[in-house]
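Have a look at it first, and then read my notes below.

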Amino acid sequence: MSHVVASFVVAIAASLLPATRAFAQGCAMCGNSLAPNDPATGAMNASIVFLLLMPYALLATVGGWLYLRYRHSGPRPRGSVIALPWTRAAARPGSGPQED
Amino acid sequence: MSAPAAAMATRRPEIPAPFVSNTQLAMAAVIVAEVMMFAGLVGAYLLFRLQAAVWPPAGMPRLPLGITAVNTVVLVASVPAIRGALHAARAGDREGAARGAALAAVLGSLFVLIQGVEWLRLVSHGLSLGSGVYGGSFYVLIGCHALHVLVAIAFLLVVAALVRRGGVDSRRQTPLEMCTTYWYFVVGLWLVLFPLVYLY
């Protein structure tokens, strides 16, 4: 499991390193067509921020709803653990169906 | 059924009911998609509204605030009706459930009717779909909501008929629950759109 976590961290770090020079860039059409003091610039920014936040708000809402439903569903019986080839040695007798 | 199959069927462990049913997940997916569609329309409306120095533009009529506020009360009044229908269905009162769903449908129809009359008045005052971004954004945004109210009314009427036929009882209320969820969405969406379009 620690290998999986380490690989994940390295992959995230490797993907972030080349992205540092791209932070200041934007949409070519929006960036060139709007002047700094144009009221349309603020309107465009507000609209973009609104549309940017909506998926996250929805994700949080649906995730919170699922979490609360799960918490209020009461104790649930856990499924039996299937012994895989690399966990078979550690599997206790009677903890799940055996392959052989 | 053959003997081995019957033996397997008897040995199958009892699967507990999921904490969220497939129907609820499907309705959540529909509502999420609808919210994102309206988010796009609201984003476009915000873009037009925030960059305008004068709103409504010169020569365009103001939106009718008073009658729309009353109309909002009519739509919100349908929420206790549909809640009552769901509670009645859970208590096994089929007649009460059908009556509550029908009352919510009537209030929703009244909302659409009043809005249609107001639209006719606005058109007669020169505000049409082709009246620039003001008319276009107003009719598209509010029209999309009215379309959703009409779909919800049809849903309510189907569910009310289903309740009368005995398809919904104290043990099985999934159609009424889903209809209630969708109606909440439609009413909640209006509570966002009304201040945004009429008050802001």
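Let me start in chain B, where helix 3 passes helix 4 in a left-handed crossing. Left-handed here says that the near helix is turned anticlockwise from the far one by less than a right angle, while clockwise would be right-handed. Helices (H or I, at least four residues) and strands (E, at least two) are DSSP runs, numbered from the N terminus.

Before I go further, some housekeeping. This is a predicted model, so local features need pLDDT of at least 70 and side-chain atom pairs count only at pLDDT 80 or more, while totals for chains, interfaces and linings use all residues. Residues are numbered from 1 along each chain as its sequence is written, and chains are lettered from A, with ligands numbered from 1, in the order in which they are written.

**Helix packing in chain B**

Two packed helices are described by the angle between their axes and the distance between the axes. For helix 3 (residues 65-90) and helix 4 (residues 94-124) of chain B, the angle is about 165 degrees and the axes are 7 Å apart. The axes are lines fitted to C-alpha atoms, for helices over the stretch in contact, and angles run from 0 to 180 degrees between N-to-C directions. Helix 3 and helix 4 of chain B are therefore roughly antiparallel to each other. That label is for angles over 145 degrees; under 35 is roughly parallel, 65 to 115 roughly perpendicular and the rest oblique. Their contact holds 17 nonpolar residues, eight polar and one charged. The classes are simple: Ala, Val, Leu, Ile, Met, Phe, Trp, Tyr, Cys and Pro count as nonpolar, Asp, Glu, Lys and Arg as charged, and the others, Gly among them, as polar.

Helix 3 of chain B also meets helix 6 (residues 174-199) of chain B, with axes that come within 10 Å and cross at roughly 160 degrees. That makes helix 3 of chain B roughly antiparallel to helix 6 of chain B, and the crossing is left-handed. Residues making this contact include B:L75, B:V79 and B:I82 from helix 3 of chain B, and B:W183, B:V187 and B:W190 from helix 6 of chain B. Two residues are in contact if their C-beta atoms, placed from the backbone, lie within 7 Å. By class, the contact of helix 3 with helix 6 of chain B has 14 nonpolar, four polar and one charged.

Helix 4 and helix 5 (132-164) of chain B have their own packing: the angle is about 160 degrees, and the axes are 9 Å apart. They are therefore roughly antiparallel, and helix 4 of chain B passes helix 5 of chain B in a left-handed crossing. Among the residues that meet are B:A101, B:A105 and B:G108 in helix 4 of chain B, and B:V149, B:I153 and B:L156 in helix 5 of chain B. This contact divides into 18 nonpolar, three polar and two charged residues.

Which residues of helix 2 of chain B are buried? They are B:I31, B:V35, B:F38, B:V42, B:Y45, B:L46 and B:L47. Buried residues have 20 or more other C-beta atoms within 10 Å of their own, exposed ones 12 or fewer, and partly exposed ones fall in between, with C-beta atoms placed from the backbone. The cover includes helix 3 (39-71) of chain A, together with helix 5 and helix 6 of chain B.

In the loop between helix 2 and helix 3 of chain B, B:V54 has 7 C-beta neighbours inside 10 Å and therefore counts as exposed.

**Chain A**

Chain A has three helices and zero strands. Of its 100 residues, 1% are buried, and in helix 1 (residues 2-16) of chain A the count of buried residues is zero. A:G74, in the segment after helix 3 of chain A, counts as exposed because it has 8 C-beta neighbours inside 10 Å.

The contact between the chains takes 18 residues from chain A and 15 from chain B. On the chain A side there are 13 nonpolar, three polar and two charged residues.

Best wishes

Definitions and conventions. The expected span of a helix is 1.5 Å times one less than its number of residues.
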